[in-house]
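Thanks, everyone. Please have the structure open while I talk.

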Amino acid sequence: MAASRRPTLADVAREVGVSAKTVSRVLNGDGPVSARTREQVLAAVAELGFQPNLMARNIRVGGPDTTIGLVVPDLANPFFGAVARGIEETVRDRGLTLLMGSSADDPERERALTAQFLARRVSILIVVPSVGADHCDLKSHRTAGLPIVFLDRPGVGLSTDSIVSSNRAGAQGGVAHLIAHGHRRIGFVGDLPTKLYTRRERLAGYRSALQEADVPYDRSLVANAHDQSGAEAATSQLLALADPPTALFAGNNIMALGIVAELARSKRKDVALVAFDDVALAEALEPALTVVAQDPEGIGRTAAATALARLDGDRSRARTITVPTQLIVRGSGEQPAPHPNSR
């Protein structure tokens, strides 16, 4: 057998001196084989390094694959890496393997990726829905018993389980924290697109906190960005206003990094900051970053546990599960508002 070629079922059969069908029976456990032959086949499999093609077998017999398909918007975002870790921790003991793909928040790419996962008959499908995506095409798979879970954002056109953070309540608490330290001019830097579920919910929380404190909502204090450099530019524009904010609320971890970079560049340590979602090395910043921390691993574990329950026969109504956030006070959000006469 050539060293550059992967060993096949036929190679194992030839090594043992039995038929390929006999090797298949041993590997699949679906037919009578003597104990001696079974031992010889398994020894040859180990010696040759043969790996069964599970996908081909499952398609052939009509069974599900031993994989979970996870569709996320951005593989580089640490949040989704932590979500994936939570899923893996939960499904590992069930012999399931996690496969990930990025939709880049594009509905067409999301549809193509889910189609690929469905073609290989994944046991579970978990999707972070893209803005503008319609999930009606997944109804037949859901009806057929495939566990489908929406994560971080609810989907459209399909009634199925959704796992989300307490976006509105978390943002409201973070902004209320700034108000409690005397701030009334509070800027909001949110991500794009503006129709994004998490962005809308966090902005709603921001507005609720202002309303409860009788602080007028000022549209000029709301800025949008798509990435870190955009958040830097948005921060610069907010600080250049005739009546600039004394505090900022970052809509997510990427926005927070942009705000921190711009505040450092402009040497503005007098501006308070609370970020929705934690960031790496938040405690090493000066001042350390106060955050409304999500629990991405907890979100992943909850999504996986919910899907496994469906896989095990749970046929109850679809539900939305909200995972709580936590305000972590570190210093940046406790910078007091300047005295009106000092501005």
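Before the sheet, one term: two strands count as paired if DSSP finds at least two bridges between them. Also keep in mind that this is a predicted model.

With that term in hand, take strand β3, residues 124–127, and strand β4, residues 148–151, which are joined by 3 bridges and run parallel. Within that pairing, Ile126 is opposite Val149 of β4.

Now the whole sheet. It is open and built from 6 strands, in the order β2-β1-β3-β4-β5-β11, with parallel pairing. Which strands stand at the edges? They are β2, residues 97–102, and β11, residues 320–323. Each has a single partner strand, so one side of each has no neighbour in the sheet. From one strand to the next, the twist averages 20°.

Helix α5, residues 78–91, packs on this sheet and touches β1 (67–72), β2, β3 and β4. The direction of α5 makes about 160° with that of β2.

Helix α10 covers residues 228–239 and helix α11 covers residues 253–265; their axes come within 7 Å and cross at roughly 55°. The two helices are therefore oblique to each other, and the crossing is right-handed.

Which residues of α10 meet α11? On the α10 side they are Gln228, Ala231, Glu232, Thr235, Ser236 and Leu239. Facing them in α11 are Ile254, Met255, Leu257, Gly258, Ile259, Ala261, Glu262 and Leu263. Sorted by class, the contact between α10 and α11 has 8 nonpolar, 4 polar and 2 charged residues.

That is all I have.

Methods:
Residues numbered from 1 in each chain as written. Predicted model: local features only at pLDDT ≥ 70, side-chain atom pairs only at ≥ 80, totals over all residues. Heavy atoms only, no water. Axes fitted to C-alpha atoms, helices over the stretch in contact; angles between N-to-C directions. Helix = DSSP H or I, 4+ residues; strand = E, 2+ residues; numbered from the N terminus. Parallel < 35°, antiparallel > 145°, perpendicular 65-115°, else oblique. Left-handed = near helix turned anticlockwise from the far one by under 90°. Contact = heavy atoms within 4.5 Å. Nonpolar A, V, L, I, M, F, W, Y, C, P; charged D, E, K, R; others polar.
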